[in-house]
Amino acid sequence: MPSASTERWSDVVLATLKANDVRLVTYVPDKILIPLIEGAHADPFFTAFSATREEEALGICAGAWLGGMRSVLMMQTSGFGNVPNALASLAVAYQIPVVLLISERGSLGEFNVGQVWSSRVVEPVCYALGVPHHVIERAADVGFILDRTIKQAWATQQPAALVLSPLLTGGKVFAA
Amino acid sequence: MSARLRRIDLMRRLVATLGDEAVIGGIGNTNFDLFAAGHRKQNFYMLGSMGLAFPIALGVALAQPQRRVIGIDGDGSLLMNLGCLATIGMVAPANLTLLVMDNSSYQITGGQPSASASGADFVALARGAGIARSSWADDEDAFARLVREALDADGPALIAAKIDGSAAVGQPDRDPPQIRDRFMQAMGVRQEFGSR
(Lines give C-alpha, C1' and ligand atoms only; values in the text may rest on other atoms or scores of the structure.)
Protein backbone atom coordinates (compact mmCIF):
# COMPACT_ATOMS: atom_id res chain seq x y z
CA MET A 1 0.00 0.00 0.00
CA PRO A 2 1.51 3.36 -1.02
CA SER A 3 1.90 5.68 1.95
CA ALA A 4 4.90 7.97 1.47
CA SER A 5 3.78 11.40 2.63
CA THR A 6 5.90 13.10 -0.03
CA GLU A 7 3.69 11.67 -2.78
CA ARG A 8 0.84 13.74 -4.18
CA TRP A 9 -2.54 12.67 -2.75
CA SER A 10 -3.78 11.95 -6.27
CA ASP A 11 -0.84 9.65 -7.05
CA VAL A 12 -1.58 7.72 -3.87
CA VAL A 13 -5.24 7.38 -4.87
CA LEU A 14 -4.37 6.04 -8.33
CA ALA A 15 -1.75 3.65 -6.96
CA THR A 16 -4.18 2.37 -4.31
CA LEU A 17 -6.88 1.79 -6.91
CA LYS A 18 -4.42 -0.20 -9.02
CA ALA A 19 -3.22 -2.19 -6.03
CA ASN A 20 -6.84 -3.20 -5.43
CA ASP A 21 -7.48 -4.09 -9.09
CA VAL A 22 -9.98 -1.26 -9.52
CA ARG A 23 -9.95 -1.01 -13.32
CA LEU A 24 -13.04 1.02 -14.13
CA VAL A 25 -13.10 4.75 -13.33
CA THR A 26 -16.35 6.60 -14.00
CA TYR A 27 -16.88 10.22 -13.13
CA VAL A 28 -18.78 13.43 -13.66
CA PRO A 29 -16.03 16.01 -14.13
CA ASP A 30 -14.78 18.24 -11.35
CA LYS A 31 -11.82 20.59 -11.21
CA ILE A 32 -10.40 19.22 -7.96
CA LEU A 33 -10.49 15.72 -9.42
CA ILE A 34 -8.44 16.69 -12.51
CA PRO A 35 -5.27 14.84 -11.43
CA LEU A 36 -7.32 11.67 -10.85
CA ILE A 37 -9.27 12.01 -14.10
CA GLU A 38 -6.21 12.76 -16.19
CA GLY A 39 -4.14 10.15 -14.40
CA ALA A 40 -6.78 7.47 -15.02
CA HIS A 41 -7.09 8.38 -18.70
CA ALA A 42 -3.30 8.36 -19.12
CA ASP A 43 -2.85 4.87 -17.67
CA PRO A 44 -3.97 1.94 -19.89
CA PHE A 45 -4.60 -0.09 -16.72
CA PHE A 46 -7.81 1.91 -16.28
CA THR A 47 -10.94 2.16 -18.38
CA ALA A 48 -12.00 5.74 -17.68
CA PHE A 49 -14.90 7.81 -18.99
CA SER A 50 -17.41 10.42 -17.94
CA ALA A 51 -21.11 9.77 -17.39
CA THR A 52 -23.83 12.36 -17.90
CA ARG A 53 -25.12 12.10 -14.33
CA GLU A 54 -23.85 10.62 -11.11
CA GLU A 55 -26.62 8.04 -10.68
CA GLU A 56 -25.99 6.86 -14.24
CA ALA A 57 -22.35 6.32 -13.30
CA LEU A 58 -23.48 4.44 -10.19
CA GLY A 59 -25.52 2.12 -12.41
CA ILE A 60 -22.48 1.50 -14.62
CA CYS A 61 -20.30 0.72 -11.59
CA ALA A 62 -22.97 -1.60 -10.17
CA GLY A 63 -23.18 -3.46 -13.49
CA ALA A 64 -19.42 -3.76 -13.63
CA TRP A 65 -19.41 -5.39 -10.19
CA LEU A 66 -22.15 -7.80 -11.28
CA GLY A 67 -19.85 -8.81 -14.12
CA GLY A 68 -16.78 -9.15 -11.91
CA MET A 69 -15.01 -5.82 -12.52
CA ARG A 70 -14.08 -3.42 -9.73
CA SER A 71 -14.72 0.27 -10.15
CA VAL A 72 -14.71 3.68 -8.51
CA LEU A 73 -17.14 6.54 -9.04
CA MET A 74 -15.87 10.12 -8.75
CA MET A 75 -17.96 13.28 -8.38
CA GLN A 76 -18.20 16.52 -6.46
CA THR A 77 -20.44 17.05 -3.45
CA SER A 78 -23.19 18.76 -5.46
CA GLY A 79 -23.31 15.71 -7.74
CA PHE A 80 -23.86 13.45 -4.76
CA GLY A 81 -27.33 14.99 -4.61
CA ASN A 82 -28.20 13.02 -7.75
CA VAL A 83 -27.25 9.72 -6.16
CA PRO A 84 -29.48 8.83 -3.16
CA ASN A 85 -32.22 6.86 -4.96
CA ALA A 86 -29.71 4.79 -6.93
CA LEU A 87 -27.63 4.26 -3.81
CA ALA A 88 -30.68 3.17 -1.79
CA SER A 89 -32.58 1.06 -4.31
CA LEU A 90 -29.64 -0.46 -6.18
CA ALA A 91 -26.34 -0.50 -4.26
CA VAL A 92 -27.78 -0.89 -0.75
CA ALA A 93 -30.81 -3.04 -1.58
CA TYR A 94 -28.86 -5.47 -3.79
CA GLN A 95 -25.70 -5.41 -1.62
CA ILE A 96 -23.48 -4.12 -4.42
CA PRO A 97 -20.20 -2.50 -3.34
CA VAL A 98 -19.77 0.78 -5.18
CA VAL A 99 -17.05 3.09 -3.88
CA LEU A 100 -17.78 6.81 -4.20
CA LEU A 101 -14.93 9.32 -4.21
CA ILE A 102 -16.36 12.79 -3.63
CA SER A 103 -14.48 16.06 -3.82
CA GLU A 104 -15.78 18.51 -1.26
CA ARG A 105 -17.10 21.85 -2.38
CA GLY A 106 -19.15 24.22 -0.29
CA SER A 107 -16.82 24.68 2.69
CA LEU A 108 -13.54 26.33 3.75
CA GLY A 109 -13.64 29.30 1.42
CA GLU A 110 -16.37 28.35 -1.06
CA PHE A 111 -17.14 31.26 -3.38
CA ASN A 112 -20.23 29.82 -5.10
CA VAL A 113 -23.32 29.88 -2.89
CA GLY A 114 -24.86 27.25 -5.17
CA GLN A 115 -22.38 24.72 -3.84
CA VAL A 116 -22.84 25.39 -0.13
CA TRP A 117 -26.04 23.62 0.86
CA SER A 118 -25.81 20.76 -1.60
CA SER A 119 -22.51 19.72 0.00
CA ARG A 120 -24.28 19.28 3.34
CA VAL A 121 -26.47 16.40 2.19
CA VAL A 122 -23.62 13.89 1.87
CA GLU A 123 -23.20 13.02 5.53
CA PRO A 124 -26.90 12.78 6.50
CA VAL A 125 -27.70 10.64 3.45
CA CYS A 126 -24.84 8.27 4.23
CA TYR A 127 -25.99 8.00 7.85
CA ALA A 128 -29.61 7.44 6.79
CA LEU A 129 -28.61 4.62 4.44
CA GLY A 130 -25.98 3.12 6.71
CA VAL A 131 -23.28 3.72 4.11
CA PRO A 132 -19.77 3.93 5.62
CA HIS A 133 -18.50 7.45 5.16
CA HIS A 134 -15.12 9.05 5.87
CA VAL A 135 -13.65 12.47 5.25
CA ILE A 136 -9.99 12.43 4.22
CA GLU A 137 -8.16 15.53 5.41
CA ARG A 138 -4.46 14.57 5.48
CA ALA A 139 -2.26 13.25 2.68
CA ALA A 140 -0.75 10.73 5.06
CA ASP A 141 -4.20 9.12 5.55
CA VAL A 142 -5.18 8.76 1.88
CA GLY A 143 -3.65 5.37 1.17
CA PHE A 144 -4.81 3.75 4.41
CA ILE A 145 -8.38 5.03 4.32
CA LEU A 146 -8.92 4.31 0.63
CA ASP A 147 -7.30 0.87 0.73
CA ARG A 148 -9.24 -0.23 3.81
CA THR A 149 -12.50 1.26 2.55
CA ILE A 150 -12.23 -0.57 -0.78
CA LYS A 151 -11.39 -3.84 0.94
CA GLN A 152 -14.25 -3.49 3.43
CA ALA A 153 -16.72 -2.62 0.68
CA TRP A 154 -15.83 -5.74 -1.33
CA ALA A 155 -15.69 -7.96 1.77
CA THR A 156 -19.03 -6.79 3.18
CA GLN A 157 -20.76 -6.21 -0.17
CA GLN A 158 -21.82 -2.69 0.75
CA PRO A 159 -21.20 0.68 -0.88
CA ALA A 160 -18.95 3.29 0.75
CA ALA A 161 -18.34 7.02 0.38
CA LEU A 162 -15.10 8.96 0.83
CA VAL A 163 -15.02 12.75 0.88
CA LEU A 164 -11.82 14.52 -0.19
CA SER A 165 -11.61 17.59 2.07
CA PRO A 166 -10.13 20.93 0.92
CA LEU A 167 -7.62 20.32 3.72
CA LEU A 168 -6.30 17.51 1.51
CA THR A 169 -6.85 18.86 -2.00
CA GLY A 170 -6.61 22.61 -1.50
CA GLY A 171 -10.19 22.88 -2.73
CA LYS A 172 -11.26 25.25 -5.46
CA VAL A 173 -10.65 28.94 -4.91
CA PHE A 174 -12.12 31.98 -6.59
CA ALA A 175 -10.05 33.11 -9.57
CA ALA A 176 -10.57 36.89 -9.72
CA MET B 1 -46.55 2.41 -37.91
CA SER B 2 -48.27 -0.96 -37.75
CA ALA B 3 -50.44 -2.19 -34.87
CA ARG B 4 -48.92 -2.10 -31.44
CA LEU B 5 -47.25 -5.29 -30.25
CA ARG B 6 -47.56 -7.15 -26.95
CA ARG B 7 -44.61 -7.01 -24.58
CA ILE B 8 -44.95 -10.61 -23.44
CA ASP B 9 -44.90 -11.81 -27.06
CA LEU B 10 -41.67 -9.87 -27.71
CA MET B 11 -40.10 -11.18 -24.50
CA ARG B 12 -40.96 -14.74 -25.49
CA ARG B 13 -39.39 -14.23 -28.92
CA LEU B 14 -36.32 -12.75 -27.23
CA VAL B 15 -35.89 -15.53 -24.68
CA ALA B 16 -36.37 -18.15 -27.40
CA THR B 17 -33.31 -16.86 -29.26
CA LEU B 18 -30.96 -16.51 -26.27
CA GLY B 19 -28.07 -18.64 -25.06
CA ASP B 20 -25.76 -17.35 -22.32
CA GLU B 21 -26.39 -13.64 -22.91
CA ALA B 22 -26.81 -11.42 -19.84
CA VAL B 23 -30.14 -9.57 -19.75
CA ILE B 24 -30.86 -6.57 -17.53
CA GLY B 25 -34.59 -5.89 -17.13
CA GLY B 26 -35.69 -2.37 -16.14
CA ILE B 27 -38.22 -1.63 -13.43
CA GLY B 28 -41.85 -2.63 -13.50
CA ASN B 29 -43.63 -4.30 -16.36
CA THR B 30 -40.44 -4.60 -18.41
CA ASN B 31 -38.79 -7.05 -16.05
CA PHE B 32 -42.12 -8.62 -15.08
CA ASP B 33 -42.67 -9.85 -18.63
CA LEU B 34 -38.99 -10.72 -19.06
CA PHE B 35 -39.45 -13.02 -16.06
CA ALA B 36 -42.83 -14.30 -17.27
CA ALA B 37 -41.31 -15.28 -20.62
CA GLY B 38 -39.19 -17.83 -18.77
CA HIS B 39 -36.72 -17.14 -15.97
CA ARG B 40 -33.09 -17.49 -16.96
CA LYS B 41 -30.23 -17.45 -14.47
CA GLN B 42 -28.54 -14.80 -16.65
CA ASN B 43 -31.41 -12.33 -16.02
CA PHE B 44 -31.05 -9.40 -13.63
CA TYR B 45 -34.33 -7.84 -12.46
CA MET B 46 -34.21 -4.21 -11.34
CA LEU B 47 -36.51 -3.01 -8.58
CA GLY B 48 -36.16 0.68 -7.86
CA SER B 49 -33.43 2.55 -9.68
CA MET B 50 -35.60 3.94 -12.49
CA GLY B 51 -33.60 4.71 -15.63
CA LEU B 52 -30.56 2.60 -14.77
CA ALA B 53 -31.21 -0.61 -16.74
CA PHE B 54 -29.02 0.55 -19.65
CA PRO B 55 -26.19 1.86 -17.42
CA ILE B 56 -26.16 -1.45 -15.51
CA ALA B 57 -26.06 -3.32 -18.83
CA LEU B 58 -23.17 -1.11 -19.96
CA GLY B 59 -21.26 -1.99 -16.78
CA VAL B 60 -21.79 -5.72 -17.32
CA ALA B 61 -20.75 -5.35 -20.98
CA LEU B 62 -17.49 -3.65 -19.96
CA ALA B 63 -16.76 -6.28 -17.32
CA GLN B 64 -17.45 -9.20 -19.67
CA PRO B 65 -16.43 -8.20 -23.20
CA GLN B 66 -16.66 -11.80 -24.38
CA ARG B 67 -20.36 -12.03 -23.44
CA ARG B 68 -23.31 -10.43 -25.20
CA VAL B 69 -25.33 -8.16 -22.91
CA ILE B 70 -28.90 -6.94 -23.42
CA GLY B 71 -30.57 -4.08 -21.57
CA ILE B 72 -34.37 -3.72 -21.70
CA ASP B 73 -36.24 -0.64 -20.53
CA GLY B 74 -39.54 1.14 -20.95
CA ASP B 75 -40.14 4.55 -22.49
CA GLY B 76 -40.81 6.31 -19.18
CA SER B 77 -37.67 4.92 -17.61
CA LEU B 78 -35.47 5.79 -20.56
CA LEU B 79 -36.88 9.31 -20.68
CA MET B 80 -35.67 9.77 -17.11
CA ASN B 81 -32.10 9.05 -18.18
CA LEU B 82 -31.69 9.85 -21.87
CA GLY B 83 -28.10 10.89 -21.21
CA CYS B 84 -27.13 7.23 -20.90
CA LEU B 85 -27.63 6.87 -24.67
CA ALA B 86 -24.89 9.46 -25.23
CA THR B 87 -22.59 7.68 -22.79
CA ILE B 88 -23.18 4.36 -24.57
CA GLY B 89 -22.64 6.05 -27.94
CA MET B 90 -19.34 7.43 -26.63
CA VAL B 91 -18.07 4.22 -25.03
CA ALA B 92 -19.42 2.15 -27.95
CA PRO B 93 -19.20 -1.32 -26.42
CA ALA B 94 -19.19 -3.98 -29.15
CA ASN B 95 -21.32 -6.39 -27.12
CA LEU B 96 -24.28 -4.30 -25.92
CA THR B 97 -27.83 -4.39 -27.29
CA LEU B 98 -30.58 -2.10 -25.99
CA LEU B 99 -34.30 -2.88 -26.27
CA VAL B 100 -36.99 -0.24 -25.67
CA MET B 101 -40.53 -1.37 -24.86
CA ASP B 102 -42.44 1.78 -25.79
CA ASN B 103 -46.09 1.87 -24.74
CA SER B 104 -46.00 5.69 -24.72
CA SER B 105 -47.17 5.75 -21.14
CA TYR B 106 -46.27 5.32 -17.51
CA GLN B 107 -48.26 2.11 -17.40
CA ILE B 108 -47.49 1.03 -13.85
CA THR B 109 -48.55 4.32 -12.29
CA GLY B 110 -51.89 4.48 -14.07
CA GLY B 111 -51.13 4.94 -17.76
CA GLN B 112 -50.28 8.63 -17.82
CA PRO B 113 -49.00 9.54 -21.32
CA SER B 114 -45.22 9.86 -21.66
CA ALA B 115 -43.46 12.26 -24.04
CA SER B 116 -43.35 9.36 -26.49
CA ALA B 117 -47.12 9.77 -26.93
CA SER B 118 -46.50 13.23 -28.38
CA GLY B 119 -43.57 12.36 -30.57
CA ALA B 120 -40.36 11.57 -28.69
CA ASP B 121 -38.70 9.05 -31.00
CA PHE B 122 -36.22 6.71 -29.29
CA VAL B 123 -34.58 5.52 -32.50
CA ALA B 124 -33.95 9.12 -33.58
CA LEU B 125 -32.69 9.95 -30.08
CA ALA B 126 -30.35 6.96 -30.05
CA ARG B 127 -28.97 7.76 -33.50
CA GLY B 128 -28.47 11.33 -32.41
CA ALA B 129 -26.57 10.04 -29.39
CA GLY B 130 -24.15 8.12 -31.58
CA ILE B 131 -25.78 4.67 -31.64
CA ALA B 132 -25.97 4.33 -35.42
CA ARG B 133 -27.44 0.83 -35.43
CA SER B 134 -30.87 1.84 -34.12
CA SER B 135 -34.17 0.62 -35.55
CA TRP B 136 -37.90 0.37 -34.95
CA ALA B 137 -39.28 -3.16 -34.99
CA ASP B 138 -42.71 -3.00 -36.64
CA ASP B 139 -43.76 -6.57 -35.97
CA GLU B 140 -42.68 -9.61 -33.98
CA ASP B 141 -40.70 -11.15 -36.82
CA ALA B 142 -38.81 -7.90 -37.44
CA PHE B 143 -38.09 -7.68 -33.71
CA ALA B 144 -36.68 -11.20 -33.59
CA ARG B 145 -34.64 -10.60 -36.75
CA LEU B 146 -33.22 -7.27 -35.51
CA VAL B 147 -32.30 -8.84 -32.16
CA ARG B 148 -30.50 -11.67 -33.93
CA GLU B 149 -28.65 -9.24 -36.20
CA ALA B 150 -27.63 -7.07 -33.25
CA LEU B 151 -26.33 -10.06 -31.31
CA ASP B 152 -24.31 -11.20 -34.30
CA ALA B 153 -22.81 -7.78 -35.11
CA ASP B 154 -20.16 -5.64 -33.45
CA GLY B 155 -21.08 -2.35 -31.88
CA PRO B 156 -23.95 -1.13 -29.72
CA ALA B 157 -27.45 -1.43 -31.14
CA LEU B 158 -30.88 -0.20 -30.08
CA ILE B 159 -34.17 -1.78 -31.08
CA ALA B 160 -37.44 -0.10 -30.11
CA ALA B 161 -40.95 -1.46 -30.43
CA LYS B 162 -44.32 0.22 -29.98
CA ILE B 163 -46.26 -1.98 -27.57
CA ASP B 164 -49.83 -1.86 -26.26
CA GLY B 165 -51.02 -1.48 -22.67
CA SER B 166 -51.41 -5.18 -21.90
CA ALA B 167 -50.70 -6.02 -18.28
CA ALA B 168 -47.60 -8.05 -17.48
CA VAL B 169 -48.37 -11.73 -17.00
CA GLY B 170 -46.00 -12.52 -14.11
CA GLN B 171 -43.57 -11.02 -11.61
CA PRO B 172 -40.20 -12.13 -10.21
CA ASP B 173 -39.67 -12.41 -6.45
CA ARG B 174 -38.65 -9.06 -4.99
CA ASP B 175 -35.53 -10.42 -3.33
CA PRO B 176 -32.57 -8.26 -4.40
CA PRO B 177 -29.69 -10.18 -2.77
CA GLN B 178 -30.90 -13.41 -4.38
CA ILE B 179 -31.38 -11.74 -7.75
CA ARG B 180 -27.85 -10.35 -7.54
CA ASP B 181 -26.24 -13.53 -6.25
CA ARG B 182 -27.80 -15.84 -8.83
CA PHE B 183 -26.99 -13.43 -11.63
CA MET B 184 -23.34 -13.21 -10.53
CA GLN B 185 -23.12 -16.99 -10.35
CA ALA B 186 -24.44 -17.15 -13.91
CA MET B 187 -21.80 -14.60 -14.91
CA GLY B 188 -19.18 -16.93 -13.44
CA VAL B 189 -17.89 -14.39 -10.91
CA ARG B 190 -19.43 -15.83 -7.78
CA GLN B 191 -19.53 -19.36 -6.36
CA GLU B 192 -22.47 -21.32 -4.99
CA PHE B 193 -22.59 -20.86 -1.20
CA GLY B 194 -20.28 -23.31 0.56
CA SER B 195 -18.51 -24.46 -2.61
CA ARG B 196 -15.30 -22.43 -2.21
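Predicted model: local features only at pLDDT ≥ 70, side-chain atom pairs only at ≥ 80, totals over all residues.
Residues are numbered from 1 along each chain as its sequence is written, and chains are lettered from A and ligands numbered from 1 in the order in which they are written.

In chain A, helix α1 (residues 9-19) packs against helix α8 (residues 139-156) at an angle of about 20 degrees, and their axes are 9 Å apart. Helices (H or I, at least four residues) and strands (E, at least two) are DSSP runs, numbered from the N terminus. Axes are lines fitted to C-alpha atoms, for helices over the stretch in contact, and angles run from 0 to 180 degrees between N-to-C directions. The two helices α1(A) and α8(A) are therefore roughly parallel to each other; angles under 35 degrees count as roughly parallel, over 145 as roughly antiparallel, 65 to 115 as roughly perpendicular and the rest as oblique. Their crossing is right-handed, a term used if the near helix is turned clockwise from the far one by less than a right angle, with left-handed meaning anticlockwise. On the α1(A) side, W9(A), V12(A), V13(A) and T16(A) meet A139(A), V142(A), G143(A), L146(A) and D147(A) of α8(A). Two residues are in contact if their C-beta atoms, placed from the backbone, lie within 7 Å. The residues of this contact comprise 6 nonpolar, 2 polar and 1 charged. Ala, Val, Leu, Ile, Met, Phe, Trp, Tyr, Cys and Pro count as nonpolar, Asp, Glu, Lys and Arg as charged, and the others, Gly among them, as polar.

In chain B, the axes of helix α1 (residues 7-17) and helix α2 (residues 29-36) come within 8 Å and cross at roughly 50 degrees, which makes α1(B) oblique to α2(B). This crossing is also right-handed. Here R7(B), I8(B) and M11(B) of α1(B) meet N29(B), D33(B), L34(B) and A36(B) of α2(B).

The contact between the chains takes 26 residues from chain A and 29 residues from chain B. The largest share of the chain A side, 9 residues, comes from α3(A). By class, the chain A side has 14 nonpolar, 9 polar and 3 charged residues. On chain B, G48(B) lies in the loop between β2 (43-45) and α3, and touches S89(A), L90(A), A93(A) and I27(B), residues up to four places away in sequence not being counted. With 15 C-beta neighbours inside 10 Å, G48(B) counts as partly exposed. A residue is buried if 20 or more other C-beta atoms lie within 10 Å of its own, exposed if 12 or fewer, and partly exposed in between.

The largest nonpolar core holds 115 residues, of which L58(A), L73(A), A57(B) and I159(B) touch the most other members. Such a core is a set of buried Ala, Val, Leu, Ile, Met, Phe, Trp, Tyr and Cys residues joined through C-beta atoms within 7 Å. Beyond its neighbours within four places in sequence, L58(A) is in contact with residues including L73(A), V83(A) and V98(A).

T26(A), in strand β1 (residues 22-27) of chain A, is buried, with 30 other C-beta atoms within 10 Å. Apart from neighbours within four places in sequence, its contacts include F49(A), I60(A) and L73(A). The C-alpha atoms of T26(A) and I60(A), 34 residues apart along the chain, are separated by 8.0 Å.
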